[in-house]
Amino acid sequence: MMGLTEGVFLIVCGTQFTLGILVNGFIGLVNGRSWFKTKRMSLSDFIIATLALSRIILLCIILTDSFLIVFSVNEHDSGIIMQIIDVFWTFTNHLSIWFATCLGVLYCLKIASFSHPTFLWLKWRVSRVLVWMLLGALLLSCGSTASLINEFKLYSVLRGIEATRNVTEHFRKKRNEYYLIHVLGTLWYLPPLIVSLASYFLLIFSLGRHTRQMLQNSTSSREPSTEAHKRAIRIILSFFFLFLLYFLAFLIASFGHFLPKTKMAKMIGEVMAMFYPAGHSFIVILGNSKLKQTFVQMLQCESGHLKPGSKGPIFS
């Protein structure tokens with residue numbers, strides 16, 4: 001029978017899931033409608049749209065995982081269904097993180113200003129750089145998924161040996177190998193984290209130089225280039241901190257069986273994990289002029305500030 005804790009857990013997860021679907025669905029709908037009208041889509045819109053789609057899938061996977069924790073904890077720990085969910089989650093999760101990283105790199109190359117030849121080479125070829133990054137993200141996502149499948153195979157071997165209760169030196173070596181692969185699996189998250197940090201520090205440094213130049217020229221701090229720097233920094237910084245929270249949630253959920261209250265640890269990890277795909281997408285909306293304008297006008301329509309039949313930019 002489901003207890004009070006499990007009930008609260010499912011309500012919180014359901015609320016986060018609904019908000020995440022609404023936010024990411026809004027992003028996909030706006031960009032999809034824009035593409036349908038113009039038959040064209042910019043690279044930034046494509047990255048944002050695919051990011052939203054990957055997060056919708058990710059939210060569905062996390063919600064399914066949450067129901068398994070409550071109603072079928074044994075299946076969650078070792079069943080074939082859980083292995084299938086883990087494979088889809090790993091692939092989608094890495095793609096989602098890389099899409100967000102590509103968005104940060106795009107903002108950095110478009111907004112930051114440096115005279116270094118390498119940076120200028122990347123800036124002039126931003127579309128080609130991002131296409132190669134997306135292809136690399138797909139390759140790395142496949143690699144992380146293949147690593148997880150190999151981990152499942154090793155886990156099955158360990159379960160088989162453990163069932164015979166024949167704990168030999170071979171078993172201990174295999175178990176240590178499994179733990180090593182499990183820990184090394186977290187290293188797949190390092191490349192996007194490093195790239196995001198590099199983009200963030202480049203934007204910070206560029207903003208500092210730009211601010212000093214404005215002070216020397218007595219220019220207003222509300223100058224468009226400064227606002228663009230600040231907006232990009234907010235988006236990348238929010239991704240960085242939410243990603244760290246998400247990574248912490250992943251560690252809690254993955255290594256929950258080492259903690260005293262395994263089920264509670266996994267539920268806490270699930271709740272923390274859902275903040276990332278919903279929260280960061282909302283910040284992306286606030287940082288994108290087209291999405292923000294559409295979102296504000298939609299709220300105005302709902303609150304009755306626009307007269308029926310009147311057309312704002314959302315309809316143009």
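## Structural report on an all-helix predicted model

The secondary structure of the chain consists of twelve helices and zero strands. The coordinates are those of a predicted model. Along the sequence, the pattern reads α-α-α-α-α-α-α-α-α-α-α-α. Of the 316 residues in the chain, 42% are buried.

### Helix packing

Two packed helices are described by the angle between their axes and the distance between the axes. Helix H4 (residues 80-111) packs with helix H11 (residues 275-287) at an angle of about 20°, and the two axes are 12 Å apart. H4 is therefore roughly parallel to H11, since angles under 35 degrees fall in that class. The crossing in which H4 passes H11 is left-handed.

### The salt bridge

A search of the whole structure returns one salt bridge. Its partners are the side chains of aspartate 45 and lysine 290, with an N to O distance of 3.0 Å. The pair connects distant parts of the chain, 245 residues apart: aspartate 45 belongs to helix H2 (residues 43-71) and lysine 290 to helix H12 (residues 289-303). Side chains of opposite charge can pair when their charged atoms come close.

Lysine 290, with a relative accessible area of 25%, is partly exposed.

### The nonpolar surface patch

A nonpolar patch on the surface is formed by Leu180, Leu184, Leu187, Leu190 and Ile194, which together have about 450 Å² of accessible area. At least two residues of this patch come from helix H7 (169-184), and at least two from helix H8 (190-217). Leucine 190 is found in helix H8. The relative accessibility of leucine 190 is 38%, so this residue counts as partly exposed.

Valine 271 is located in helix H10 (residues 262-273). Its relative accessible area of 21% makes valine 271 partly exposed. Although valine 271 and leucine 63 are 208 residues apart along the chain, their C-alpha atoms are separated by 9.7 Å.

### Accessibility of selected residues

The table collects the relative accessible areas of the residues discussed above.

| Residue | Relative accessible area | Class |
|---|---|---|
| Leucine 190 | 38% | partly exposed |
| Valine 271 | 21% | partly exposed |
| Lysine 290 | 25% | partly exposed |

Technical notes. Residues are numbered from 1 along each chain as its sequence is written. This is a predicted model: local features need pLDDT of at least 70, side-chain atom pairs count only at pLDDT 80 or more; totals for chains, interfaces and linings use all residues. Side-chain values use heavy atoms; hydrogens and water are left out. Patches are made of residues with over 30% relative accessible area and no salt bridge: like charges are joined within 9 Å, nonpolar side chains (Val, Leu, Ile, Met, Phe, Trp, Tyr) within 5 Å. Accessible areas come from the Shrake-Rupley method with a 1.4 Å probe; for residues, only the protein chains shown count as cover. A salt bridge is a side-chain nitrogen of Lys or Arg within 4 Å of a carboxyl oxygen of Asp or Glu. Helices (H or I, at least four residues) and strands (E, at least two) are DSSP runs, numbered from the N terminus. Buried means under 20% relative accessible area, exposed over 50%, partly exposed in between (1.4 Å probe, protein chains only). Axes are lines fitted to C-alpha atoms, for helices over the stretch in contact, and angles run from 0 to 180 degrees between N-to-C directions. Angles under 35 degrees count as roughly parallel, over 145 as roughly antiparallel, 65 to 115 as roughly perpendicular and the rest as oblique. A crossing is left-handed if the near helix is turned anticlockwise from the far one by less than a right angle, and right-handed if clockwise.
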